[in-house]
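Morning, everyone. Please look at the model on the screen, and we will talk about charged side chains.

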Amino acid sequence: MLDELRDEASSVILEVGDLIVDIRTGAKGFLTERERRIDIVEDDIYIWKIMWFYKSEKYDNFNTLPFMEEEGLKLSVLLGLVEVHKGGGNSE
């Protein structure tokens with residue numbers, strides 16, 4: 001099942017300027033930069049930097065890190081935990 005989700009995740013396209021919304025906390029932020037990182041186990045991974053502009057004080061300690069790993073973000077979109085609203089930017 002996880003392999004199927006990973007295959008589906010490849011169809012989720014993220015770009016600079018996209019608005020993400022964490023459904024559980026209501027936090028909102030913009031994807032500002034995609035950065036390639038080298039990982040010993042996974043080889044290449046990509047990290048999205050996020051500029052959060054709305055965070056609920058009730059959930060201030062949850063899910064508002066200034067970055068998210070791309071595959072995890074895509075899986076969150078597929079599972080309905082995060083919504084993506086296209087902003088029309090450039091992914092590099």
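First, a definition: a salt bridge is a side-chain nitrogen of Lys or Arg within 4 Å of a carboxyl oxygen of Asp or Glu. Side chains of opposite charge can pair when their charged atoms come close.

Two notes on the source. This is a predicted model, where local features need pLDDT of at least 70, side-chain atom pairs count only at pLDDT 80 or more, and totals for chains, interfaces and linings use all residues. Residues are numbered from 1 along each chain as its sequence is written, and side-chain values use heavy atoms, with hydrogens and water left out.

How many salt bridges does the structure hold? Nine.

Now a pair. Glu 70 bridges to Arg 34, with the closest N and O atoms 2.9 Å apart. Glu 70 sits in helix 2 (residues 70-78) and Arg 34 in strand 2 (residues 28-39), so this pair links distant parts of the chain, 36 residues apart. Helices (H or I, at least four residues) and strands (E, at least two) are DSSP runs, numbered from the N terminus.

Is Glu 70 buried or exposed? Buried, at 10% relative accessible area. Buried means under 20%, exposed over 50%, and partly exposed in between, using a 1.4 Å probe and protein chains only. Arg 34 is partly exposed, at 21%.

One more pair. Asp 44 meets Arg 36 in a salt bridge at 3.0 Å, N to O. Asp 44 is partly exposed, at 32%.
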